Amino acid sequence: MESKKGVSEVVGYVLLITFGIVLAVLVYGYLRTYIPSEEISCPDGVSLFVQDYSCGANSINITIKNNGKFNVEGYFIHATRTPDQPIATLDLSKSFNRVLSDDGFNTTGVVYFHIDTSSLVPNEEIFHSFDLDSVIYSLEIIPARFQQSENSLRFVSCGEARIREVISCEGFGSEES
Amino acid sequence: MIKKRGLSPVVATVLLIAIVVIIALIVFFWLRGTIQEAVTKFDGTNIQLVCNQVAFDAEYSAGQIFLSNTGNVPIYQFKVRRQEASGAFSTVAVGVDDDLWPEGGLNQGGVYSGVLDSGSATRMFVIPVLLGKTQSEKRETYTCDDSFAKEITI
């Protein structure tokens, strides 16, 4: 009689399937991270515009208008300290003057248009004031808005809609210019 | 009568299993050292892919570097790769020992300007460094690929 030794057929299949599943799980766990997620970005029609500005003795007042197609909730604002500074790095959001401004507040580098974080709707304009401790030469403003992303609302910086406004505040440190 | 010598079937099986297990362990530890553990950011996206979403401006003027994060990915650090006329490269981290460098790096809308020694470099490249986490929840930095570097004129 033929001797039957070794792993039975059923056990062989079970082992094979188990190895297959374990390998598949390991490979899936590693490759899963390479699935690209949806990139958060602002729509093309987001745009802000510095309608007007005026310089006080130690402050700058700007009127910002939403001339885009979408609501905007806030903005990042930076200034240059020298005329030839290539990128504005003086954060003006810290010196936002809530008392002199129409509305809004500042937090962690952002200035919101309204105290309740509601939007600046298209064609709406608002007056904001900032205290200054040195003369500035230009302003850079990046709009920011809340945007829905996979069941959550995210605050998105609209870097492509950034504006740069050259400022002439010759009367800094003196009376209104 | 033929004399049966050699290992018994039980010992042979035990040996076979032991050898397989040892080889598997050796291969596992060798591969673990070779394959990097996936570092992810946000909702589990591999940090290598997140580098695609990084947006920043970098300029150099009068011995100072100016940086601005114009995108939505926080940039933990920047490295500057300096290329000498001889072709040699050296790399420095921006903002090290500078109190003005934000602790968590440049978040959305974040900016920085500080002194950077260009040395005798003829070209400089700014490379973003991101902070992600591993599967074991360990925080780890990842330097984006050179293709995400931005050249700054000296």
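1. In strand S8 of chain A, His128(A) is the bridge partner of Ile62(A). The two strands concerned, S2 (residues 59–66) and S8 (residues 125–131) of chain A, run antiparallel and are joined by 7 bridges. Strands here are DSSP runs of E with at least two residues, numbered from the N terminus, and two strands pair if DSSP finds at least two bridges between them.

2. This is a predicted model, in which local features need pLDDT of at least 70 and side-chain atom pairs count only at pLDDT 80 or more, while totals for chains, interfaces and linings use all residues. Residues are numbered from 1 along each chain as its sequence is written, and chains are lettered from A and ligands numbered from 1 in the order in which they are written.

3. In chain A, an open sheet of 4 strands has the order S1-S2-S8-S5, with antiparallel pairing. Its edge strands, each pairing on one side only, are S1 (48–55) and S5 (96–97) of chain A.

4. In chain B, strands S8 (residues 121–133) and S9 (residues 139–143) pair in the antiparallel sense over 5 bridges. Within this pair, Glu140(B) of S9(B) stands opposite Gly132(B). S8(B) and S9(B) form a hairpin with 5 residues between them, and Glu137(B) in the turn has a positive phi of about 65°.

5. The contact between the chains takes 23 residues from chain A and 25 residues from chain B; residues are in contact if their C-beta atoms, placed from the backbone, lie within 7 Å. On the side of chain A that touches chain B, strands S3 (74–80) and S10 (152–157) of chain A each supply at least two residues.

Methods
Contact = placed C-beta atoms within 7 Å.
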